[in-house]
Structures are given as structure tokens and as C-alpha cells.
Amino acid sequence: MRRFPGAAQHEAERSVALQTRDRYGNKVWDDPGSAVHRFASLHAAPRPGNKVDLTQHRTKTVIDLYTWTTPNGRKISIALEEMGLPYTAHAVDIGKDEQFKPEFLEISPNNRIPAIVDRDNNLSLMESGAILIYLADKTGKLLPKSGEERYRTIEWLMWQMGGPGPMFGQVHHFVKYNKGKSAYAEERYLKEAHRLYGVLNKRLAEHEYVADAYSIADIAIWPWVSRYEWQTVDLNQYPNVKRWYTAIAKRPATQKGYKVPKDVGEVPMP
Ligand SMILES: N[C@@H](CCC(=O)N[C@@H](CS)C(=O)NCC(=O)O)C(=O)O
């Protein structure tokens, strides 16, 4: 097992932190030096231009989620369901260019979903990887607070953000939607997609989930694999991925989060 210097110290620090429950009843590590405390104090004040009107809905909802029926959007709804954090989903129909509306650009300047606003501190965030880390730190769930397990989780989360996300996206573009327009692009991105499936299959041969315990890294990868049919990928070629995919697909949080912001069909089952 790979260990980084200082792992023992991290473990010691973790053991002195108090485990408690937040006001939503979620178990959290209550450590004033933790990433979530530092993050909250840095960003407690609304950033100029990032403010949204929160006065109209002061309810139980904690997170406003701006999303659509795509893999990047589903990452966040599935994570929120797992974490049990109350949220309101707002549909941003990217087929109708709603991602370019000025009010959406205020919280997502890159005009892409997903984005969130945390009503507890008025923080807005875009980029699914950043949102997953933020929500995990806020709730104390699905991302270890410190130590090797934290960085292993972030490692595989970043693998998804730089690998399957953009590469499978290109497969969808060239192989599903623009078939026959560029043989070179179809071959290039399919080959890369299969390489990535191979990497994941190898990792999952020795690990139940990518970072051992079920985490935000699995949640980031899973919705991209759920489009295996679009990618013309037969999951039987990757038995460990198929085992992992099926187990996650059966989780109640996945089933629920998959249908946010609207139900467009059942979770694909290989
Ligand atoms: N790196 C971004 C990618 C987000 C992204 O590409 N979102 C797509 C939907 S899956 C989108 O909003 N597309 C709208 C557009 O291209 O204008 C993330 O992970 O959040």
C-alpha cells in the first residue's frame, strides 16, 4: 500500500477530532481546523457578482442545485441524495441554451451545469469536482477528512474530471451524434474510452470501490459509465466495472438522484 509521509500524524489528528452531528442530523467530524471550517470562514461573505436572491425561499432546503439530465448534473444529485442534505433542484435546460441566461452566469460563469448555491453561507460554486469536495466536507460524508484515503479519493475524482468526463463526452459527440463525420475522431476517442475502461477495470479488480470505501470518486465516475450504450461499450468486456456499476446502480440514492431534475427513463442495467 502506498503511504505518504505524515500519514500517522494525520491519523492521530483525526482521532482527536470529535465526531458529532450537524443540524441536519448528519454525522460530521467537528474539528475547527478542518477544511470545511476554513472554507466556510474564507467564503462566508457573498462574493461580488455571485449573490443570488435567497429571500424568497427560506425553507428546509440547504442547497440550491442548478442541473440537467446529464452525467455531470447527476453526480451532484446522487451525492446530495447519499448525503441526505436537503436540496432544491432547478432545471437548466441546456438544449434551450438556458445555461447562457445572465442570472445563471452569475453562479456559473463557465455557462455549464452543475452549479450550487449553499443557503447557509450564500456560497456559489460551479465545476462538479469542486462541488463534490465541498459537499463532502460540509457533511463529513463520502470523503475521508484526512490521510491517504482522502487523497486517494481526490486522485480518482481528478482522474474522472480529466479522463472519462471529457473523453466519453467526445465519444458521445462523434460516435453517437455525428457518426460518419470524422473517422479519425471516432477512432481516437473510442480508443481512449476503452483505455480508460481498462484502467478502471484493473483498479476495481482489487478494490470494491475506486478508493476502497464508497466515495465521491465513484459518484463522479458512475454517471459517465451509465452511458455505456451511447459509447457502444459492452460492459461484459470489463467485468469488474460491470460488478461495480451494478452495485452502485442499485443504491436508492443513485436511483433517486438519477431522475433529477426530471425523470427521463430508468437507470440503464447491463
Ligand atoms: N467540467 C465541468 C463540465 C460541465 C459540463 O460540461 N456540463 C455540460 C452538461 S454535462 C453543460 O453544461 N453543457 C452546456 C454547454 O456546453 O453549453 C464540470 O464537471 O462541472
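Strand 5 (residues 115-118) and strand 6 run antiparallel and are joined by four bridges. Strands here are DSSP runs of E with at least two residues, helices are runs of H or I with at least four, and both are numbered from the N terminus. Across this pairing, Asp-118 stands opposite Leu-123 in strand 6. The model is predicted, so to speak of local features takes a pLDDT of at least 70, side-chain atom pairs count only at pLDDT 80 or more, and totals for chains, interfaces and linings use all residues. Residues are numbered from 1 along each chain as its sequence is written, and side-chain values use heavy atoms, leaving out hydrogens and water.

Zooming out, four strands make up an open sheet with mixed pairing, in the order 4-3-5-6; two strands pair if DSSP finds at least two bridges between them. Strand 4 (87-91) and strand 6 (123-126) sit at the edges, each pairing on one side only.

Helix 3 lies across strand 3 (63-67), strand 4 and strand 5, where contact means heavy atoms within 4.5 Å. This helix runs at about 150° to strand 3, with axes fitted as lines to C-alpha atoms (for helices, over the stretch in contact) and angles from 0 to 180 degrees between N-to-C directions.

Helix 3 (residues 71-83) also holds Lys-75. Its side chain makes a polar contact with the side chain of Gln-160 at 2.8 Å (a pair of N or O atoms within 3.5 Å, one able to donate a hydrogen and the other to accept it; residues adjacent in sequence count only if both atoms are side-chain atoms).
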